[in-house]
Amino acid sequence: MSVLFVSDLHLAPDNPGPLQSFIDLLHGRARAADRLFILGDLFELWIGDDYVDPAFEPLLDALQDCTRSGTPVLFMHGNRDFLIGEHFLQRSGCSRLDDPTLVELYGRRVLLMHGDLLCTDDVDYQRLRRQLRDPAWQQAVLQKPVAERLALARRARAASDRATRDKPQAIMDVNPDAVTAALRDSGADLLIHGHTHRPATHRLQVDGRAVQRIVLGDWYQAGSLLALDADGTETIPLP
Ligand code: MN
């Protein structure tokens, strides 16, 4: 048995490839897993549980089938789908996971994050993140009509693309001190996160302890899956 991790699928109705690939995973390999963790940005965009694109209905069914078959699916918010709420969780059968969450898996202490909290050099983004995660702000946005929310989301995306283009690459990566602090505070020996779209396995020392940071890949070009079992970790490419 193993535990599976994915993040940054960025599923969108106009990109059926990754959507189908993930549905296949939910009907296949995930059934034989102990648990499936989705570490944020499952969707490219989510403007509220009251608006679900019909293209996502088979995905919601597949998530529910997977959890009913006995594989718990745990969902952590990313910076694209932070408006996923209770209705989505009930419909899909997923359980909500805080960011960060420390879990013990096969005798290892594993810290799970989306990854954006580690990008502390991007001060503008961290300020924006606090606003987007503010329950009062979210409540106000969710009151707005769907068309208005869609327009708002498109404008926010365009603004984010402009900001991202003008920022140095290093600012948008994780800050090493933030990584060290997260591993030190949690006592974890393995950190798994996504968000930066820079898949890699980093080995580092924290207070003399050998620890690992595994960055999950995005699904824009091809799927990417991390499996963890008693023997260690394995990155599995998907079609
Ligand atoms: Mn992200």
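Which residue stands opposite Leu-190 in E7? Val-110 does. This is a predicted model: local features need pLDDT of at least 70, side-chain atom pairs count only at pLDDT 80 or more, and totals for chains, interfaces and linings use all residues. Residues are numbered from 1 along each chain as its sequence is written, and side-chain values use heavy atoms, with hydrogens and water left out.

Start with strand E7, residues 190–193. Strands here are DSSP runs of E, at least two residues long, and helices are runs of H or I, at least four long; both are numbered from the N terminus. E7 runs parallel to E6, joined by 3 bridges. On its other pairing, 4 bridges join E7 to strand E9 (residues 209–215), again parallel. There, Leu-191 stands opposite Arg-213. Two strands count as paired if DSSP finds at least two bridges between them. Both faces of E7 are covered. Leu-190 and Ile-192 are buried on one side, Leu-191 and His-193 on the other. Buried means under 20% relative accessible area, exposed over 50%, and partly exposed in between (1.4 Å probe, protein chains only).

Now the open sheet. Its 6 strands follow the order E4-E3-E2-E1-E10-E11, with mixed pairing. Strand E4 (95–97) and strand E11 (232–237) stand at the edges; each has a single partner strand, so one side of each lacks a neighbour in the sheet. Neighbouring strands are turned by 25° against each other on average, direction ignored. Within this sheet, E1 (residues 3–6) and E2 (residues 35–39) run parallel, joined by 4 bridges. Val-3 has Arg-35 as its bridge partner in E2. Helix H1 (residues 16–27) lies across E1, E2 and strand E10 (224–229), at about 155° to E2. Axes are lines fitted to C-alpha atoms, for helices over the stretch in contact (heavy atoms within 4.5 Å). Angles run from 0 to 180 degrees between N-to-C directions.

Next, the metal. The manganese ion has four protein donors: Asp-41 (OD), Asn-79 (OD1), His-114 (NE2) and His-195 (ND1), lying 2.0 to 2.3 Å from it. Donors are N, O and S atoms within 2.8 Å of the metal (3.2 Å for Na, K and Ca); water is not among the atoms, so sites may look incomplete. Along the chain the spacing is D-x37-N-x34-H-x80-H. Asn-79 sits in the loop between strand E3 (73–76) and helix H3 (86–92), and His-114 in the loop between strand E6 (108–112) and helix H4 (123–132), 35 residues apart. Asn-79 counts as buried because its relative accessibility is 17%. His-114 is buried too, at 0%.
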